[in-house]
Amino acid sequence: QSVTVKIEDTLRQLFTEKSFCDQLQDTYTHRDQFQSARDITSGSVYRHLSKSDPYFNSPWNITLTINTDGATVYKSSTQSIWPVYLTVNELPLHSRFSISNTLICGLWYLPVKPSMQLFLKPILEELTNLEEIGNTCITKHFSMIFTCACPGTYFDTPYENNCVEQGCY
């Protein structure tokens with residue numbers, strides 16, 4: 001069983017909230033303030049892109065991190081629930097993972113670990129579509145970073161394990 005939520009609608013809603021827009025503007029204004037890597041937005045890859053890619057010349061253009069992890073429904077259950085959510089990297093750490101700023105884009109309920117290719121397909125298709133066609137409210141170009149909690153059992157994705165180059169534990 002799975003449920004997906006239209007990401008475009010959720011992003012559209014976020015961009016109507018004054019506090020969200022104020023935080024994006026503040027991050028954009030102060031993005032060069034820190035010299036050491038404290039966060040995704042102060043890391044070397046992000047900094048390089050922000051200086052070389054015209055996409056980064058607006059506080060309204062965002063990058064996203066996609067997260068998922070499964071948990072059993074209750075202790076002796078064989079069923080697990082797998083939420084998939086997006087976070088906006090340009091939000092300050094103190095509010096990035098707040099419920100109001102987290103974009104729930106999918107939920108799976110099943111007895112086995114999902115195939116990540118099948119599991120993430122509708123979400124990645126929508127994000128790719130948003131990138132290709134653009135939107136008056138949503139940026140035409142964005143980046144995604146994947147995080148999964150099981151480096152020892154990375155499932156069957158076409159993506160590299162998060163313990164490889166430029167990955168983390």
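This is a predicted model: local features need pLDDT of at least 70, side-chain atom pairs count only at pLDDT 80 or more; totals for chains, interfaces and linings use all residues.
Local features are described where pLDDT is at least 70, side-chain atom pairs count only at pLDDT 80 or more, and totals for chains, interfaces and linings use all residues. Residues are numbered from 1 along each chain as its sequence is written, and side-chain values use heavy atoms, with hydrogens and water left out.

**The whole chain**

Start with a cartoon view of the chain, which has 5 helices and 6 strands. Helices (H or I, at least four residues) and strands (E, at least two) are DSSP runs, numbered from the N terminus. Followed from the N terminus, the order is β-α-α-α-β-β-β-α-β-α-β.

Next, show the surface. The chain exposes about 9,900 Å² (Shrake-Rupley method, 1.4 Å probe; for residues, only the protein chains shown count as cover). Carbon and sulfur atoms supply 57% of that area. Of the 169 residues, 40% are buried; buried means under 20% relative accessible area, exposed over 50%, and partly exposed in between (1.4 Å probe, protein chains only). Among contacts (heavy atoms within 4.5 Å) between residues at least 6 apart in sequence, 62% join residues at least 24 apart.

Select residues 7-14, helix α1. Its buried residues are Ile7, Glu8, Thr10, Leu11 and Leu14. Viewed down the axis of α1, they fall within an arc of 165 degrees, so they line one face of the helix. The arc is that of the directions from the helix axis to the C-beta atoms.

Move to residues 44-52, helix α3, where Tyr46, Arg47 and Ser50 are buried. Down the axis of α3 the buried residues fall within an arc of 100 degrees, so they too line one face of the helix. Turn to the other side of α3 to find Ser44 and His48, which are exposed.

**The largest cavity**

Which residues line the largest cavity? Select Leu24, Thr27, Tyr28, Arg31, Thr41, Tyr46, Phe56, Ser58, Pro59, Asn61 and Glu90. Helix α2 (residues 18-29) gives the most to this lining, with 3 residues. The space inside is about 90 Å³, and the structure holds 2 cavities of 30 Å³ or more.

A cavity is a set of points, on a 1 Å grid over the protein atoms alone, where a 1.4 Å probe fits but cannot get out; lining residues have an atom within 4 Å of a point. Grid points are joined across faces, edges and corners, and a volume is the space filled by probe spheres set on the points.

Now pick Ile62, in the loop between α3 and β2. Ile62 is buried, at 2% relative accessible area. Val88 is 26 residues from Ile62 along the chain, and their C-alpha atoms are separated by 6.6 Å.

**Strand β2**

Select residues 64-68, strand β2, which contains Ile66. Ile66 is buried, with a relative accessible area of 2%. From Ile66 to Ile123 is 57 residues in sequence and 9.7 Å in space, C-alpha to C-alpha. Thr68 also belongs to strand β2 and counts as buried at 9% relative accessibility. A polar atom of the Thr68 side chain lies 2.9 Å from the backbone oxygen of Pro83.

**Asn89**

Finish at Asn89, in the loop between β4 (80-88) and α4 (93-96). Is Asn89 buried or exposed? Asn89 is buried, with a relative accessible area of 1%. Its side chain makes a polar contact with the side chain of Thr63, at 2.9 Å. A polar contact is a pair of N or O atoms within 3.5 Å; within protein, one must be able to donate a hydrogen and the other to accept it, and residues adjacent in sequence count only if both atoms are side-chain atoms.

Key. On a 1 Å grid over the protein atoms alone, a cavity is a set of points where a 1.4 Å probe fits but cannot get out, and a pocket is an open set with protein on both sides within 12 Å along at least five of seven lines; lining residues have an atom within 4 Å of a point.
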